[in-house]
Amino acid sequence: MAVAVLNGLTCVESVELVRRVPDRVVLRLTVLPDDPTLIAEGYPVEEVQVVVHRSGKVRAIPKSGLGRAWLHRNSWLGVGLDLCLWDPNDPEALRWSWEDGLEEYLRIVARHLVYEEYHRRHGEWPVEDAPHGISPTGSWPIRTGGMKRAARRWRRG
């Protein structure tokens with residue numbers, strides 16, 4: 001995927017190739033809130049490193065906002081790492097895959113960063129949130145009609 005294509009996304013101010021090594025590619029993104037109202041309300045421009053591994057795993061690691069609270073960020077030994085963008089136990093239709101394209105992954109990252117800021121300001125996640133952890137029944141229920149419709153509409157064949 002050409003960096004120029006990613007630079008064309010409205011939620012991405014800039015994309016820079018940081019490193020390309022045999023097992024991964026590292027991109028540095030400057031991500032904007034994708035809504036002028038949010039920009040007017042002071043939602044921040046974010047710096048994010050996106051690591052695309054040869055295995056197909058993709059990680060988004062916020063580089064801006066050190067010291068801010070993060071509700072959905074994976075950590076190791078207390079150090080914030082990549083964003084937790086979906087629960088692995090969510091239905092497949094509600095998780096990103098390579099079939100969706102890297103552009104869609106970056107839109108999810110941008111939306112997630114806005115949701116994190118909303119949570120900091122208001123103390124709640126702005127949309128239905130996937131429960132975290134292992135469900136005693138094997139999967140968590142989807143509660144809202146909107147999410148149920150989304151799961152049906154985006155179901156992969």
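A pocket, on a 1 Å grid over the protein atoms alone, is an open set of points where a 1.4 Å probe fits, with protein on both sides within 12 Å along at least five of seven lines; lining residues have an atom within 4 Å of a point. A volume is the space filled by probe spheres set on the points, which are joined across faces, edges and corners.

Before you click: this is a predicted model, where local features need pLDDT of at least 70 and side-chain atom pairs count only at pLDDT 80 or more, while totals for chains, interfaces and linings use all residues. Residues are numbered from 1 along each chain as its sequence is written, and side-chain values use heavy atoms, with hydrogens and water left out.

Start with the whole chain in cartoon view. You will find four helices and six strands (DSSP runs, H or I of at least four residues for helices and E of at least two for strands, numbered from the N terminus). Along the sequence they run α-β-β-α-β-β-β-β-α-α.

Next, select K57, V58, R59, N74, D82, L83, C84, L85, W86, W96 and Y105, which line the second largest pocket. Strands β4 (58-62) and β6 (79-83) each give two or more residues to this lining. The pocket's volume is about 230 Å³.

Now move to Q49 in strand β3 (residues 46-53). Is Q49 buried or exposed? Q49 is buried, because its relative accessible area is 17% and buried means under 20% (1.4 Å probe, protein chains only). Finally, show its contacts (heavy atoms within 4.5 Å): beyond neighbours within four places in sequence, Q49 touches V26, L27, R59, A60, I61 and K63.

Methods
Buried < 20%, exposed > 50% of the residue type's maximum accessible area, 1.4 Å probe, protein only.
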